[in-house]
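Reader: Please present the model, and then let us discuss its helix packing, its ring pairs and its backbone.

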Amino acid sequence: MSATGTDMHSMGHRPKLERQGLAASAGALLILPPFMALTHHLSLHTELKFLLFPPLASLGYRAFRTPWGTATQFRSVVVAPTLGSVCGLALNTWIGLNAPAIAFAVIAGILLVDVLRADAPPTLAVSVLVLLATDPGWAFPLSVLAATSGLYLIFLVWRRLLTLSPSIARACARPRARGEPRAGGHRRPRRGPSDSSG
């Protein structure tokens, strides 16, 4: 394909990519900030005082920016961070805050992400954050579980609303490469000269 043809092909995908960015940004800007404010309010008025843990914002941003990406899987948003907080709490209880505990917390976070095959780098931050908390107790992992579960539920509702609008859903989906078959379909093989009859 000529350079001009390549440029025209790229320009054809540009509007779709721009719509993708707008739709994802709208979700991140309109939903994530109020959700974070709500978690802060609930942390002040419930026993789950660690609901507003900083990596929650990162988890939410990654999910809303890539609605159909691997960062939106349940194990990435909820399971990995929650287990990371449990590991951090165990280290806080058995070792306390010191250099080896920090190192072990990072190792635990890395192993969790790898074993679960989760797209959740904030898990490492959650594992370490428990060590820095004052008297976290089981309120920390329970807060992480509640906050991430709430975030995941709201995200699923938002993504469902996207699917109800075909144009927005197509804009947020991964652009299909040239020649790639549609989902659930099969590309019809080309017939060569030897395939023609008679």
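**Helix packing, rings and backbone**

Author: The axes of α4 and α7 come within 9 Å and cross at roughly 170°; axes are lines fitted to C-alpha atoms, for helices over the stretch in contact, and angles run from 0 to 180 degrees between N-to-C directions. This is a predicted model, in which local features need pLDDT of at least 70, side-chain atom pairs count only at pLDDT 80 or more, and totals for chains, interfaces and linings use all residues. Residues are numbered from 1 along each chain as its sequence is written, and side-chain values use heavy atoms, with hydrogens and water left out.

Reader: Are α4 and α7 roughly parallel or antiparallel to each other?

Author: Angles under 35 degrees count as roughly parallel, over 145 as roughly antiparallel, 65 to 115 as roughly perpendicular and the rest as oblique. The crossing angle of α4 and α7 is roughly 170°. The two helices are therefore roughly antiparallel.

Reader: How do the residues of the contact of α4 with α7 divide into nonpolar, polar and charged?

Author: Contact means heavy atoms within 4.5 Å, and the residues making it include Phe74 and Val77 of α4 and Leu151 and Tyr152 of α7. Ala, Val, Leu, Ile, Met, Phe, Trp, Tyr, Cys and Pro count as nonpolar, Asp, Glu, Lys and Arg as charged, and the others, Gly among them, as polar. The division is twelve nonpolar, four polar and no charged.

Reader: What is the geometry of the ring pair of Phe74 and Tyr152?

Author: Rings of Phe, Tyr and Trp (its six-membered ring) pair if their centres lie within 6.5 Å; planes under 30 degrees apart count as stacked, over 60 as edge-to-face and the rest as tilted. By this rule there are five aromatic pairs. The ring centres of Phe74 and Tyr152 are 5.4 Å apart and the planes stand at 70°, so the pair is edge-to-face.

Reader: How many residues apart in sequence are the parts that this pair ties together?

Author: Phe74 lies in helix α4 (residues 74–94), and Tyr152 lies in helix α7 (residues 139–164). The pair therefore ties together parts whose separation in sequence is 78 residues.

Reader: Is Tyr152 buried or exposed?

Author: Buried means under 20% relative accessible area, exposed over 50%, and partly exposed in between (1.4 Å probe, protein chains only). Phe74, at 43% relative accessibility, counts as partly exposed. Tyr152 has 14% relative accessibility and so counts as buried.

Reader: Which residues do ring pairs link into a cluster?

Author: The rings of Phe155 and Trp158 have centres 6.1 Å apart and planes at 40°, so this pair is tilted. Phe155, at 1% relative accessibility, counts as buried, and Trp158, at 10%, counts as buried. The cluster linked by ring pairs consists of Phe64, Phe155 and Trp158.

Reader: What is the phi of Arg117?

Author: Most residues other than glycine have a negative phi, and most peptide bonds are trans. Arg117 is found in the loop between α5 (99–116) and α6 and is exposed, with a relative accessible area of 71%. Although Arg117 is not a glycine, its phi is positive, at about 55°.

How values were computed: Helices (H or I, at least four residues) and strands (E, at least two) are DSSP runs, numbered from the N terminus.
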